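These are my notebook entries on a structure that I looked up today.

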Amino acid sequence: MSSISFILDGEVIRINNPEPTRSVLQYLREDINRCGTKEGCAEGDCGACTVVISEAVDSKIRYRAVNACIQFLPTLDGKALFTVESLKQADGSLHPVQQSMVDYHASQCGFCTPGFVMSLFAMYQSEKPVNRENLDDVLSGNLCRCTGYKPIIEAGMNMYDYPVMGKNEQKLLDQLNALKSDQGLNMISSAGSYYAPTSLDELAELYQHYPDATILAGGTDVGLWVTKQLRELEKVIYLGNVKELKNINESSSGVEIGAAVTLEDAFEVLSISYPELGEFFRRFASMPVRNAGTLVGNIANGSPIGDSMPVLIAIAARVRLRQGDATREMRLQDLYLDYQKNAMQPGEFIESVMIPARDSALILSSYKLAKRFDQDISAVCAAFALRLDGGKVTDIKIVFGGMAAIPKRAEQTEDFLTGKSWDEKNIQQGMELLKLDFQPMSDMRSSAAYRSQASANLLYRFYLQTSSEISLNVFEACV
Ligand SMILES: Cc1cc2nc3c(=O)[nH]c(=O)nc-3n(C[C@H](O)[C@H](O)[C@H](O)COP(=O)(O)OP(=O)(O)OC[C@H]3O[C@@H](n4cnc5c(N)ncnc54)[C@H](O)[C@@H]3O)c2cc1C
Ligand code: FES
Ligand code: FES
């Protein structure tokens, strides 16, 4: 097919051969003059551009807030789009979320307001329980520079008190189901080509044929190549419609997460087996970024400061790669060769990541050091996976992000600690050895000296947290 179809305010919109990397925000503001959605940063950071996308999943509608500035227009195919203009009720009155914002004086200059409203609208439609923690999470991708957050939080806390206007979910569900298609998209325009296969075999064949194409998953990294680096992507292959890649398969050996599974969905399932990582997952980017971005995208992007890799390496995750008809598996840690170099061959992609089932002996922690709690890039990210027997270390994995060109294990420190008593003296020596494992660099996030000191301190913190003599109630650090 060479056109996309999506629903906007109950109408099916069809666009022939859209530009592959035109953003939803450009479409709204420049093509259809729908300017309620604002542009602030154009990089997924401020939330001024927040819109809601909905999809039919298991005969229900799922609503998710995303950043329109880095969401490419063709990815709307088969979905419904809601903007702040969509919220106007049939009788002209405000939506409960908007009325609550008005009544609680939650807007001053108003620039951020449509974004906040849309994040709250996604929560409202999902009927997520309203409490401070959920609200903080839902609003983690929205910045306000003048009102102050208290009234906005109050508006969110009280939004369910307002009468619900007639929702016609069934009509939308029927429309979404009618848009479903097994046919892939092949759209070629003067601005480039966009392919959206629907099956894994089709994807493998296509990528083998066009190994120079850019694979697009959630676009939360790729989007910025376009908006910030002004890169032109000639060929884009979108993974979001490949049914096999949307799967999460749970078995006695663990969980396999497909390459099109969003960070939010992946973290939800991983938090069940690894509840101690809940807080760490919550600090990954923001809700809109986690709603669009994928776990495998984070792994494939392979940034030395990517947050998921240290903990996945520590728990011995593996990746399944596919090239044409051939598949192979490897340890995640072996995927990374050097700065922005990985073991994938031309035309090869990651099909899924496999996370082993938890064993009862595992003691696990992951810490993110960044300047803000939400939506910030790590200066240092650490993961520790420990197994003890009679107070002695039988196995330890220490993995850091932000300390080398790739996410990397502290092998010398691990070797030293293995077989030793898990005690203060050995930990102090381990902290010294970390300096041999890593020679970090300075950049705008932190100095090399800070990184060295902080990484050693994190090992000590893990020791304190795990040592039976000292019981600490340690919260995630925000330096
Ligand atoms: C505001 C903001 C905040 C962020 N905060 C964080 C954070 O706190 N921590 C963090 O780690 N990251 C963060 N990121 C980065 C980003 O969200 C993650 O890296 C995300 O997981 C990328 O997934 P994606 O699906 O969006 O990937 P995409 O942008 O679609 O792709 C990323 C790269 O991986 C390749 N790729 C994707 N899928 C595959 C595949 N299956 N096989 C082979 N190659 C593939 C693409 O070609 C591209 O090179 C943030 C980004 C933004 C915009
Ligand atoms: S414009 Fe700032 S998040 Fe999109
Ligand atoms: S009301 Fe002005 S930025 Fe939020």
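**Ligand shell**

I listed the residues around ligand 1 and found 31, of which G44, A217, G218, G297 and N298 come nearest. A residue counts as near a molecule or strand if its C-beta atom, placed from the backbone, lies within 6 Å of it. I noted that this is a predicted model, in which local features need pLDDT of at least 70, side-chain atom pairs count only at pLDDT 80 or more, and totals for chains, interfaces and linings use all residues. Residues are numbered from 1 along each chain as its sequence is written, while chains are lettered from A and ligands numbered from 1 in the order in which they are written.

Which elements each supply at least two residues of the shell around ligand 1? I found β8 (214-216), α8 (222-227), α12 (295-301) and β16 (348-356). Of the elements, α12 gives the most, with 5 residues. Helices (H or I, at least four residues) and strands (E, at least two) are DSSP runs, numbered from the N terminus.

**Domains**

I then read the domain assignment of the protein chain: domain 1 (3-177), domain 2 (181-244) and domain 3 (247-466). Such bounds come from an automatic or database domain assignment. The C-alpha centres of domain 1 and domain 2 are 25 Å apart. Their contact (C-beta atoms, placed from the backbone, within 7 Å) takes 16 residues from domain 1 and 21 residues from domain 2. On the domain 1 side I counted 8 nonpolar, 5 polar and 3 charged residues.

**Strand β16**

I returned to β16, a contributor to the ligand shell, and found 8 of its 9 residues buried. Buried means 20 or more other C-beta atoms within 10 Å of the residue's own, C-beta atoms being placed from the backbone.

Strand β11 (residues 254-258) runs antiparallel to β16 and is joined to it by 5 bridges, with G254 opposite P356. Strand β12 (residues 318-323) is also antiparallel to β16, through 6 bridges, and Q323 stands opposite E348. Pairing requires at least two DSSP bridges between two strands.

**Helix α2**

Lastly I examined α2 (residues 96-103), where P96, V97, Q98, S100 and M101 are buried. The buried residues of α2 pack against α3 (113-126) and α5 (149-158). Just after α2, I noted a positive phi of about 55° at H105.

Definitions and conventions
Two residues are in contact if their C-beta atoms, placed from the backbone, lie within 7 Å. Ala, Val, Leu, Ile, Met, Phe, Trp, Tyr, Cys and Pro count as nonpolar, Asp, Glu, Lys and Arg as charged, and the others, Gly among them, as polar. A residue is buried if 20 or more other C-beta atoms lie within 10 Å of its own, exposed if 12 or fewer, and partly exposed in between; C-beta atoms are placed from the backbone.
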